[in-house]
Amino acid sequence: MFGRSAGSSVDLTGPVGDRSVPLDIGPFADQSDLLHFAMLLETVPGMGHIDLIDPDLETALFVVRAPTPAAVAAATMRVPDYRVKAEVTGNAVSARIEEDKTRAVALLARGGTGVLVGGGALYAARNGALWWRWAALVAAVGTAAAAVVFFAVTGNEPAPEPVALRPSPTAVTPTGALPTPTVRPPVVAPSVPLTTATPQPAASPSPVRTPSPGPSATPTPRPTTTPTPAVAQRYRGSFSSSLGSVSAVNGCQWDTPFTGDLDVSLTRAADGTLRGDANLSGKISYVVTNVPPGAICNPSAVSLDGTGSANGNGSQVNASLSGSRDLALTFSGTVQGNNLVGSVSMERSLSTVSTFGNTTETRSAAVSGVTLSR
């Protein structure tokens, strides 16, 4: 049930002494794995009603009724069959499942209401749990509803979905040449001319000498040279700045400092050109700078991820990356010994969502003196 307090974002009502705590967690192997985790979490002492807001397998979003965000974080690390690392950020909990394996699915209770999912596994309700009804609601109305509920509790946009890359297969061509066999010519004995001698009385014929064949030479095989494959060089470094201030329709304001880690891998070809890939990981923080009277403005943080390619010639190197929320990042620098030294230019969309209205702004930042080291 939803209720609205005057001058604030959406509030979720529930039992006295509990609060609505957003929980984003993943990755899950499939829908059965996701539902299995949620039902086990609901059996942990102290956990209340659980709503499934966004059933994304990489980072699913729940809203859990619990006394504190710390209680939710502790509960996720006590769920059987799962090894979880959890972190509390403001009123929200971000968790990562560190053990990546297919988990056994079991019938948790006899009788009662059940739900049939993905591979045909039957899940039964316990303690009056109705959270899977929210899963059906999300499938019906789309992820826009999930964004409204997340902003209602945290005051900020949900974390962007990570970008997965699929590596291209590389064809392997065998190298090396087979040695050409050497044919040895047969040794032929020299011909001896036939001579006729005038017969002499009481004379004995002279013996004919046949020459022996000369020694034969055995050729020595020529060694084959195998080319040495080129080795990729990896350069890593971090940078930080801010995308400025963003405001919600109800007057809440946040500053948006960010940090990023840039990883560039380069391989130099025989002609001196450079080719490779580039990856970005980091975090954008939302720091509350203004709270209007009667409004609720919560701090939060979202991930900053991007992938792309790098190329260059001689000592000059350029990289271009992209990611979710219209992320576009470029790096331009030069190779100086064991370092890549240059500058970063980044652009990204920032959004706020609430019942008062939505806002979307594109912000940019430039950082100079960025050093990536091997």
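A residue is called buried if its relative accessible area is under 20%, exposed if this is over 50%, and partly exposed in between, with a 1.4 Å probe and protein chains only. Cys252, at 1% relative accessibility, therefore counts as buried.

The structure is a predicted model, in which local features need pLDDT of at least 70 and side-chain atom pairs count only at pLDDT 80 or more, while totals for chains, interfaces and linings use all residues. Residues are numbered from 1 along each chain as its sequence is written, and side-chain values use heavy atoms, without hydrogens and water.

**The chain as a whole**

The chain contains four helices and 17 strands. Helices (H or I, at least four residues) and strands (E, at least two) are DSSP runs, numbered from the N terminus. Of its 374 residues, 36% count as buried. Contact means heavy atoms within 4.5 Å. Among contacts in the chain with a separation of 6 or more, 58% are between residues 24 or more positions apart. The chain exposes about 21500 Å², of which carbon and sulfur atoms supply 55%; such areas come from the Shrake-Rupley method with a 1.4 Å probe, and for residues only the protein chains shown count as cover.

**The disulfide**

A disulfide is a pair of cysteine sulfur atoms within 2.5 Å, and by this rule the count comes to one. The partners are Cys252 and Cys297, with sulfur atoms 1.8 Å apart. This pair links distant parts of the chain, 45 residues apart: Cys252 is in the loop between strands S10 (233-247) and S11 (253-268), and Cys297 is in the loop between strands S12 (273-290) and S13 (300-313). The link is left-handed, with -75 degrees about the S-S bond. Cys297 is also buried, at 10% relative accessibility.

In helix H2 (residues 69-76), the buried residues are Pro69, Val72, Ala73, Ala75 and Thr76. They lie on the same side of H2, because they cover an arc of only 160 degrees around the axis; the arc is that of the directions from the helix axis to the C-beta atoms. An α-helix has 3.6 residues a turn, so residues three or four places apart point the same way. The buried residues of H2 pack against helix H1 (31-42) and strands S3 (19-26), S5 (60-66), S6 (84-89) and S7 (92-97).

Glu42 belongs to helix H1 and is buried, with a relative accessible area of 13%. The C-alpha atoms of Glu42 and Ala75 are separated by 9.2 Å, although the two residues are 33 residues apart along the chain.

**Aromatic pairs**

Rings of Phe, Tyr and Trp (its six-membered ring) pair if their centres lie within 6.5 Å; planes under 30 degrees apart count as stacked, over 60 as edge-to-face and the rest as tilted. By this rule there are three aromatic pairs, including the two below.

| Pair | Centres apart | Angle of planes | Type |
|---|---|---|---|
| Phe28 and Phe37 | 5.6 Å | 55 degrees | tilted |
| Phe37 and Tyr82 | 5.2 Å | 75 degrees | edge-to-face |

Phe37 lies in helix H1 and Tyr82 in the loop between H2 and S6, so their pair ties together parts that are 45 residues apart in sequence. Ring pairs link Phe28, Phe37 and Tyr82 into a cluster. Phe28 and Phe37 are buried, and Tyr82 is buried as well.
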